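Student: Could you take me on a close look at a single part of this protein? I would like to see how one piece sits among the others.

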Amino acid sequence: MTTHSNPVPAVAFLKLWQIIGNPRAVPPVPALIPLGRTSFLNGVKSGKYPKPVKLGGEGSRAVAWRAADIQAMIEKIGA
């Protein structure tokens, strides 16, 4: 029997609401970075923040960000 000490997958993706938070969710989702939606997306567009990865097949508009990219961005901002 093998046990896994770390339940977090090696590759994880975060949706926008998981990054900027959602205080209206039940339970509320705290923000990883204190930015609004427009500010974050403008930063993505300008190249200041990481680009998202398209999820799903052709024609899908679903996107998410690599958790490792967001973690690196948070560390860079904090430095």
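This is a predicted model: local features need pLDDT of at least 70, side-chain atom pairs count only at pLDDT 80 or more; totals for chains, interfaces and linings use all residues.

Tutor: Let's look at helix α2, where Phe40, Gly43 and Val44 are buried. These three residues cover an arc of only 100° around the axis, which puts them on the same side of α2. Turn to the other side of the helix and you will find Thr38, Lys45 and Ser46, which are exposed.

What lies over the buried residues of α2? The cover includes the helix α1 (16–20), the strand β3 (63–66) and the helix α3. To place these elements, follow the chain: its pattern reads β-α-α-β-β-α, made up of three helices and three strands.

How confident is the predictor in α2? Confidence is highest in this helix, residues 37–46, at a mean of 97, and lowest in α3, residues 67–78, at 89. The protein as a whole averages a pLDDT of 86, with 86% of the residues scoring at least 70.

Now step back to the whole chain. Of its 79 residues, 22% count as buried, and Phe40, Gly43 and Val44 of α2 are buried residues. The accessible surface of the protein comes to about 6,200 Å², and 58% of that belongs to carbon and sulfur atoms. Among contacts with a separation of 6 or more, 39% are between residues 24 or more positions apart.

Key. Residues are numbered from 1 along each chain as its sequence is written. Side-chain values use heavy atoms; hydrogens and water are left out. pLDDT is the predictor's confidence in each residue, from 0 to 100. Helices (H or I, at least four residues) and strands (E, at least two) are DSSP runs, numbered from the N terminus. Buried means under 20% relative accessible area, exposed over 50%, partly exposed in between (1.4 Å probe, protein chains only). Contact means heavy atoms within 4.5 Å. Accessible areas come from the Shrake-Rupley method with a 1.4 Å probe; for residues, only the protein chains shown count as cover. The arc is that of the directions from the helix axis to the C-beta atoms.
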